Amino acid sequence: MAEQSGNTARSRAGQTGRNAAPGFGTDEPAAAARIAAIRERIDEIDRTLIGLWQERAELSQQVGATRMASGGTRLVLSREREILERFRQSLGADGTQLALLLLRAGRGPL
């Protein structure tokens, strides 16, 4: 019974068999190497996205602080709508969700 449970766990993890390279889901060395190379690039992209996310949030906070220090409003809803629409047009519904997260990161929750 324990062996059957172990096989089920491996199947759920995406591995094809007992000899599958851990985390690659394949027994084929060339495929595992290709997956590793692709994942390295994905990790590079993730690091870049995280850095850009943090930079964008900081810049957005500077805009808000500058606007409020000059007697302006905390938010400019027309600007937020413009950003939401840009992301929606480029990325669809997921883009809208991403834009909402970006906006919240820069201004904080409403």
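Analyst: Buried means under 20% relative accessible area, exposed means over 50%, and partly exposed lies in between, using a 1.4 Å probe and protein chains only. The model is predicted, so local features need pLDDT of at least 70 and side-chain atom pairs count only at pLDDT 80 or more, while totals for chains, interfaces and linings use all residues. Residues are numbered from 1 along each chain as its sequence is written, and side-chain values use heavy atoms, with hydrogens and water left out.

The protein has 4 helices and 0 strands; helices (H or I, at least four residues) and strands (E, at least two) are DSSP runs, numbered from the N terminus. Of its 110 residues, 16% count as buried.

Two packed helices are described by the angle between their axes and the distance between the axes. For helix H3 (residues 77-91) and H4, the axes come within 7 Å and cross at roughly 145°. Axes here are lines fitted to C-alpha atoms, for helices over the stretch in contact, and angles run from 0 to 180 degrees between N-to-C directions. The crossing is right-handed, a term that applies if the near helix is turned clockwise from the far one by less than a right angle.

Contact means heavy atoms within 4.5 Å. On the H3 side, the residues that meet H4 include Glu 80, Ile 83, Leu 84 and Phe 87. Their counterparts in H4 include Ala 93, Leu 98, Leu 102 and Arg 107.

The side chains of Arg 107 and Glu 80 also meet in a salt bridge (2.7 Å, N to O), that is, a side-chain nitrogen of Lys or Arg within 4 Å of a carboxyl oxygen of Asp or Glu. Arg 107 lies in helix H4 and Glu 80 in helix H3, so the pair ties together parts that are 27 residues apart in sequence. Arg 107 counts as buried at 18% relative accessibility, and Glu 80 counts as buried at 12%.

Glu 85 is partly exposed, with a relative accessible area of 31%, and Arg 88 is partly exposed at 39%. Arg 88 is also among the H3 residues that meet H4.

Leu 98, in helix H4 (residues 93-107), is partly exposed at 32% relative accessible area.
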